[in-house]
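User: I would like to learn how to read the features of a protein model, one at a time. Could we go through them together, with the general idea before each case?

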Amino acid sequence: MSNLETANAIFYNKIQEATQDGEKLRNCLQCGNCSGICPFGYVMIYPPSRMIAEVRANRFEKILGTENIWMCVSCYACTSVCPAQIPITAGLMTGAKEELLLAGNVPSELQAALEYSQRYGNPLGESPRKRADWAREIQPEVKLLGKYRQPVDVLWFVGDYPSYHPRVQHIAQSMAKLLNALNINFGILGPEEYSDGDSQRLAGERGLFEMLAEKNGQAFNKYDFKEIITTDPHAYNAIKNEYPKLGFSFPVRHYTEFLAENIEKILPFLKNEINARVTYHDPCYLGRANNIYEQPRSLIQNLPGVELVEMPHNLKNSLCCGGGGGGMWLDGFQWEKSHVRLSEWRIQEALSTGANILAVACPYETSRFEDAAKNIDKTGQLRIRDIVELLVESMGV
Ligand code: SF4
Ligand code: SF4
């Protein structure tokens with residue numbers, strides 16, 4: 001067997017052995033559904049079905065020599081339509097990204113985010129000491145568990161972008177105000193919180209993911225709480241589905257699940273009419289990856305003065321914002337290859353519904369969609385708001 005054949009065999013075996021249901025790769029029907037639904041399939045030299053054909057033909061090295069894989073935004077659309085139930089996103093695409101990273105074939109902007117994550121514990125390259133600075137003005141004070149040292153009901157995992165990004169910090173501040181108004185006994189890790197690591201994992205950096213998960217898992221182990229809630233669907237996915245594989249198992253919910261369950265407590269606070277037609281973007285890691293579709297919609301429908309309308313791509317068929325699987329750190333690269341921004345497609349869809357508000361539930365989305373709206377929405381029709389911001393706006397707190 002030649003070296004190239006060996007590399008191919010190692011990759012094939014790795015996918016089959018290291019991924020849940022990886023052996024199903026053998027069952028590919030070459031139907032092309034995966035490549036057809038892939039939002040960037042049209043620019044990939046090797047979209048998923050063709051990749052599988054090449055791997056079967058012992059030609060994985062052809063894929064390694066391209067930048068094809070970095071167009072994958074880990075949106076799970078291919079996985080959701082595969083009749084053979086092949087783990088395309090978690091197995092094939094993520095495994096191939098791991099091999100490209102090992103081969104040093106990685107775009108520089110992604111490399112920078114991965115290096116920041118390694119050095120600072122977050123992909124933005126911000127100081128860990130400033131991780132809770134967003135909470136300084138909040139009253140009652142947001143409890144830092146390292147200082148508070150008493151049991152809480154909820155450990156709120158704030159996430160990278162709500163902690164540091166100037167636009168997204170507003171979502172963290174809204175969440176803190178909402179939890180305070182509901183009298184929830186909650187605390188945060190602050191400087192002890194690291195990136196959840198899920199997007200780094202899906203960008204092929206499994207070792208970095210494990211390091212970050214280990215640090216978060218050890219911090220969780222230090223404190224007394226009943227459950228974790230997350231702002232970020234990627235953090236939710238990691239803590240729910242990936243951290244247990246490393247020995248860190250904790251009850252976790254995305255904030256939309258938590259708030260939907262507490263809706264009876266929230267309703268008396270919802271006083272101000274929003275007066276808007278609202279459409280909702282299903283984030284890939286709430287919807288397709290974890291089947292959470294109803295709770296965000298029920299929160300929106302409970303807002304006074306709101307009419308909820310659906311975009312053509314919704315629920316399981318939602319269109320990715322382009323931020324997953326490292327896409328958040330590959331905008332320049334993906335624009336260069338495709339001259340398309342998935343976030344701009346989504347804004348066009350939202351506008352087509354006549355909506356005034358595009359509601360989101362993932363911290364990647366507010367800034368991505370606001371940037372896209374600047375290019376597409378010339379009349380200023382559409383506002384982008386996280387669901388928690390809409391709740392707080394109605395509460396007037
Ligand atoms: S959708 Fe599944 S069965 Fe069809 S080509 Fe893609 S991987 Fe193969
Ligand atoms: S996960 Fe999404 S972007 Fe990646 S190959 Fe599948 S459909 Fe394409």
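User: Among contacts between residues at least 6 apart in sequence, what share joins residues at least 24 apart?

Analyst: Two residues are in contact if their C-beta atoms, placed from the backbone, lie within 7 Å. In this chain, among contacts between residues at least 6 apart in sequence, 79% join residues at least 24 apart. Before we go on, note that this is a predicted model, in which local features need pLDDT of at least 70 and side-chain atom pairs count only at pLDDT 80 or more, while totals for chains, interfaces and linings use all residues. Residues are numbered from 1 along each chain as its sequence is written, and chains are lettered from A and ligands numbered from 1 in the order in which they are written.

User: How many helices and strands are there in the chain, and what is the radius of gyration of the chain?

Analyst: Helices (H or I, at least four residues) and strands (E, at least two) are DSSP runs, numbered from the N terminus, and the chain has 20 helices and nine strands. The radius of gyration is taken over C-alpha atoms, and the globule rule is 2.2 Å times the number of residues to the power 0.38. For 397 residues a compact globule would have a radius of gyration near 21 Å, and the chain, with 21 Å, agrees with that. Taken along the principal axes, the box filled by the C-alpha atoms is roughly 70 × 50 × 35 Å.

User: Into which domains is the chain divided, and how many residues does the contact take from domain 2 and from domain 3?

Analyst: Domain bounds come from an automatic or database domain assignment; here they give domain 1 (3–102), domain 2 (110–261) and domain 3 (268–395). The C-alpha centres of domain 2 and domain 3 lie 22 Å apart, and their contact takes 31 residues from domain 2 and 31 residues from domain 3. On the side of domain 2 that touches domain 3, at least two residues each come from several helices, including α7 (108–120), α10 (169–181) and α14 (255–261). The largest share of that side, seven residues, comes from α10. To describe such a surface by class, Ala, Val, Leu, Ile, Met, Phe, Trp, Tyr, Cys and Pro count as nonpolar, Asp, Glu, Lys and Arg as charged, and the others, Gly among them, as polar. The side of domain 2 that touches domain 3 then has 17 nonpolar, 10 polar and four charged residues.

User: Which residues are the closest to ligand 1, and which to ligand 2?

Analyst: A residue is near a molecule if its C-beta atom, placed from the backbone, lies within 6 Å of it. Ligand 1 is surrounded by 15 residues, of which the closest are Cys28, Cys31, Cys34, Ser49 and Cys82. The shell around ligand 1 holds 11 nonpolar, four polar and no charged residues.

Around ligand 2 there are 16 residues, with Cys38, Cys72, Cys75, Ala77 and Cys78 the closest. Here α5 (77–81) and α6 (88–102) give two or more residues, and α6 gives the most, with three. This shell divides into 13 nonpolar, three polar and no charged residues.

User: What share of the chain counts as buried, and which residues have the most contacts inside the largest nonpolar core?

Analyst: A residue is buried if 20 or more other C-beta atoms lie within 10 Å of its own, exposed if 12 or fewer, and partly exposed in between, with C-beta atoms placed from the backbone. Of the 397 residues of the chain, 50% count as buried. In soluble globular proteins, nonpolar side chains tend to be buried together. A nonpolar core is a set of buried Ala, Val, Leu, Ile, Met, Phe, Trp, Tyr and Cys residues joined through C-beta atoms within 7 Å; the largest one has 115 residues, and Leu358 and Ala359 have the most contacts inside it. Leaving aside residues up to four places away in sequence, Leu358 touches Thr279, His281, Ala350, Phe369, Leu382 and Ile384.

User: Why does Asp21 count as partly exposed, and why is His339 exposed?

Analyst: Asp21, in the loop between α1 (3–18) and α2, counts as partly exposed because it has 14 C-beta neighbours inside 10 Å. His339 is exposed because 8 other C-beta atoms lie within 10 Å, and its place is in the loop between α17 and α18 (342–352).
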